[in-house]
Amino acid sequence: MRLDRVDERIIAILGADARMSFAEIGGHVGLSPSAVKRRVDRLVDSGAVRGFTVVVEPQAVGWTTEAFIELYCRARTSPGEIRSGLAGYAEITSACTVTGEADAIVQVRARDTHHLEEVIERLGAEPFVVRTKSTLVLSRLVDQPILAGTADLP
């Protein structure tokens, strides 16, 4: 599906405030509420928008430690095998296969460094993991959704 400028603005507006009414969105993009609803439905049906969710501030709920953990896997470990092995970790917020020396990188949130150490030990014990390399996040410099800044809201 190709997105036009109005679709991009609608997505950016919903990204900033998914509770905004179709009428309010329409006011920002120059469409009627029913036209906005049709566009949002089309964005959802096409898969461009996967859902609407609450954004939790990790520190507010006690998950104050963040790290990126590189996974070095045994030969011929498939992305599907890595995905299956990581599925049970509540602490993992994202995981990707990558280029370079590591096979995958995992973003982790934990209560504290002790909890982080436990997660790293559990990851290292996965049968497909040969070794790990961890980087602790000191501060977030940029943390924005896709299409952030394209809403052109007043």
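The sulfur of Cys96 lies 13 Å from the closest cysteine sulfur, that of Cys73, which is too far for a bond. A disulfide here is a pair of cysteine sulfur atoms within 2.5 Å. The structure holds zero disulfides. Cys73 counts as buried, because its relative accessibility is 12%. Cys96 is partly exposed, with a relative accessible area of 42%. The cut-offs are these: buried means under 20% relative accessible area, exposed means over 50%, and partly exposed lies in between (1.4 Å probe, protein chains only).

This is a predicted model, in which local features need pLDDT of at least 70, side-chain atom pairs count only at pLDDT 80 or more, and totals for chains, interfaces and linings use all residues. Residues are numbered from 1 along each chain as its sequence is written, and side-chain values use heavy atoms, with hydrogens and water left out.

Now turn to the helices. The unreviewed UniProt entry carries the annotation "domain: HTH asnC-type" for residues 3–64. UniProt positions are given in the numbering used here, feature names are shortened, and annotations may be inferred rather than shown by experiment. Over residues 3–64 the chain is 55% helix and 0% strand. Helices (H or I, at least four residues) and strands (E, at least two) are DSSP runs, numbered from the N terminus.

Look at helix α3, residues 33–46. It has 14 residues, so at 1.5 Å a residue it should span 20 Å; its end C-alpha atoms are 20 Å apart, which agrees. The expected span is 1.5 Å times one less than the number of residues. Ala35, Val36, Arg39, Val40 and Leu43 are buried in α3. Seen down the axis of α3, the buried residues fall within an arc of 135 degrees, so they line one face of the helix. That arc is taken from the directions from the helix axis to the C-beta atoms. On the other side of α3, Arg38 and Asp45 are exposed. The cover over the buried residues of α3 includes α1 (5–16) and α2 (22–29). Contact means heavy atoms within 4.5 Å. After α3 comes Gly47, with a positive phi near 90 degrees.

Next come two strands. Strand β2 (residues 92–97) pairs with strand β3 (residues 104–110) in the antiparallel sense, over five bridges. Two strands pair if DSSP finds at least two bridges between them. Ser94 has Gln107 in β3 as its bridge partner. The hairpin of β2 and β3 has six residues between the strands, and Gly100 takes a positive phi near 100 degrees there.
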